Amino acid sequence: MGKETGFLELDRRERDYLDPKERLKNYREFVIQPDDATLTGQASRCMNCGIPYCHNGCPVNNMIPDWNHLVYEADWKRALANLHSTNNFPEFTGRICPAPCEAACTLNIIDQPVTIKSIECAIVDRGWKEGWITPQIPEKKTGKSVAVVGSGPAGLACAQQLARAGHSVTVFEKADRVGGLLRYGIPDFKMEKHLINRRCVQMEAEGVTFKTSKEVGVDISFASLKENFDAVVLAGGAEDARSLQIPGAEMSGVRLAMEFLTQQNKRVAGDDELRAAPRGSLTATGKHVVVLGGGDTGSDCVGTSNRQGALSVTQLEIMPKPPEKEDKALTWPDWPMKLRTSSSHQEGATRDWAVLAKRVIGDGVNVTGLECVRVEWSGGQMREIAGSSFVIKADLILLAMGFVGPRKAGLLEQAGVALDARGNVAADTSGYATSVPGVFACGDMRRGQSLVVWAIREGRQAARAVDEALMGVSELPR
């Protein structure tokens with residue numbers, strides 16, 4: 001694969017970014033894609049491993065060495081066909097996936113992994129530009145109908161695969177636009193939403209019907225879906241956010257990250273303030289912002305706060321600061337615990353680790369600060385450090401502490417499906433069937449909070465399981 005000596009001749013070269021001073025002026029994507037010569041050179045570095053460990057790292061089973069080699073040979077159209085054979089939406093993963101494939105790359109042993117994510121994104125972007133990506137309309141219809149609840153990456157992948165198998169598919173989305181957290185949880189500066197719209201047009205041509213502003217369990221009963229469709233797929237995500245259980249957390253300046261991000265994404269989409277923030281505007285403009293949670297959602301809050309004109313942004317994490325560099329002998333090819341600095345962090349933020357929030361300070365309505373204490377970890381147990389209490393100035397505290405599972409009210413209560421010990425919908429990864437006949441589950445609603453790439457994998461696999469259950473056999477790939 002690639003050029004046998006490519007990895008010896010060329011160093012890794014990642015995509016460039018616009019200068020922070022420029023990109024903070026708007027919410028557009030700011031990645032600068034390399035030219036074709038650079039991309040083919042980077043693809044040539046794929047080193048014909050005896051065992052391509054990138055396969056271990058990729059949840060959707062991308063055939064990474066194969067399309068790297070095709071790019072090296074400048075056969076972009078075949079590279080696109082190869083990429084699409086395992087991944088319905090590489091323009092999503094090529095922008096927002098953390099790239100566990102690169103962590104597993106053999107060249108990552110020397111911190112020089114192949115730029116797999118950049119090449120993936122370039123392949124699919126070129127495919128759209130050249131007009132190679134067109135609807136795949138099935139030759140015949142099966143006469144079977146499937147309802148997919150939720151239009152995030154799992155629901156979209158499942159719906160597209162089922163439509164291509166010839167089933168009549170209807171996707172129900174409670175929000176006013178399709179995309180789930182792809183649409184409203186991820187800022188446009190990481191992934192612009194015309195990418196989702198473009199796929200929806202393709203899927204509608206393939207036979208998928210989208211019904212937005214229709215919350216199953218509220219606007220539509222689950223019983224009606226069971227009655228009118230041959231199968232139902234639950235792909236509603238894990239939206240039950242972890243709350244902050246400390247004194248003062250009830251004040252108006254303590255808000256969920258998803259509320260904050262959703263409002264701004266709606267503004268960027270062109271919504272007026274009444275539609276974007278029907279319960280009142282939430283912005284970081286002119287405020288001292290504290291973000292609780294050190295993950296990607298917290299990073300997105302940092303980038304959005306800076307673009308809104310926050311006076312300061314501080315991001316706190318309860319876990320210890322990870323090492324700057326992982327111990328390859330212990331971690332490779334698995335995903336390593338190491339310090340990761342995002343593009344949003346580079347735009348300006350104070351970060352602190354091993355910090356526990358103890359009390360929100362304010363007048364009962366307005367927040368003025370956050371009292372914290374430092375902690376130390378030993379044997380998986382946390383202990384507060386005596387005398388380490390301190391206060392951070394804060395007008396707005398954003399909770400980005402993850403999700404505990406799917407919401408139970410409405411949909412899941414009416415569906416009556418069994419839950420696992422973590423509160424997710426119980427279903428295995430073979431048949432994706434729930435405890436209720438004819439009802440399936442996939443994505444974060446089944447596995448808990450996870451990555452977009454895992455959601456796409458589960459959506460594809462669930463589609464095959466549904467197809468097989470309806471038809472007795474399936475030609476859809478797993």
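Which residue forms a salt bridge with glutamate 102? Arginine 12 does, and the closest N and O atoms of the two are 3.0 Å apart. Keep in mind as you look around that this is a predicted model.

- Glutamate 102 counts as buried because its relative accessible area is 8%, and buried means under 20%.
- Arginine 12 has a relative accessible area of 24%, so it is partly exposed.

**Glutamate 347 and its two arginines**
- Glutamate 347 meets arginine 23 in a salt bridge, at 2.6 Å from N to O.
- That pair links distant parts of the chain, 324 residues apart: arginine 23 is in helix 2 (residues 20-23), and glutamate 347 is in the loop between helix 18 (343-346) and strand 11 (350-353).
- Both glutamate 347 and arginine 23 are buried.
- The side chain of glutamate 347 also meets that of arginine 307 in a salt bridge, here at 2.8 Å from N to O.
- Arginine 307 lies in helix 16 (residues 296-308) and glutamate 347 in the loop between helix 18 and strand 11, so this pair ties together parts 40 residues apart in sequence.
- Like glutamate 347, arginine 307 is buried.

**Salt bridges across the model**
- The count of salt bridges comes to 34.
- Some residues are linked in a network of salt bridges: Asp111, Lys325, Glu326, Lys328 and Lys338.

**A look at helix 12**
- Helix 12 (residues 194-205) has twelve residues, which at 1.5 Å a residue should span 16 Å; its end C-alpha atoms are 17 Å apart, and this agrees.
- Which residues of helix 12 are buried? They are Leu195, Ile196, Arg199, Cys200, Gln202 and Met203.
- Seen down the axis of helix 12, the buried residues fall within an arc of 160°, so they line one face of the helix.
- An α-helix has 3.6 residues a turn, so residues three or four places apart point the same way.
- The buried residues of helix 12 are covered by parts including helix 6 (76-84), helix 9 (116-130), helix 10 (153-164) and strand 5 (208-211).
- Just after helix 12 comes glycine 207, which takes a positive phi of about 115°.

Methods:
Residues are numbered from 1 along each chain as its sequence is written. This is a predicted model: local features need pLDDT of at least 70, side-chain atom pairs count only at pLDDT 80 or more; totals for chains, interfaces and linings use all residues. Side-chain values use heavy atoms; hydrogens and water are left out. Helices (H or I, at least four residues) and strands (E, at least two) are DSSP runs, numbered from the N terminus. The expected span of a helix is 1.5 Å times one less than its number of residues. Buried means under 20% relative accessible area, exposed over 50%, partly exposed in between (1.4 Å probe, protein chains only). The arc is that of the directions from the helix axis to the C-beta atoms. Contact means heavy atoms within 4.5 Å. A salt bridge is a side-chain nitrogen of Lys or Arg within 4 Å of a carboxyl oxygen of Asp or Glu.
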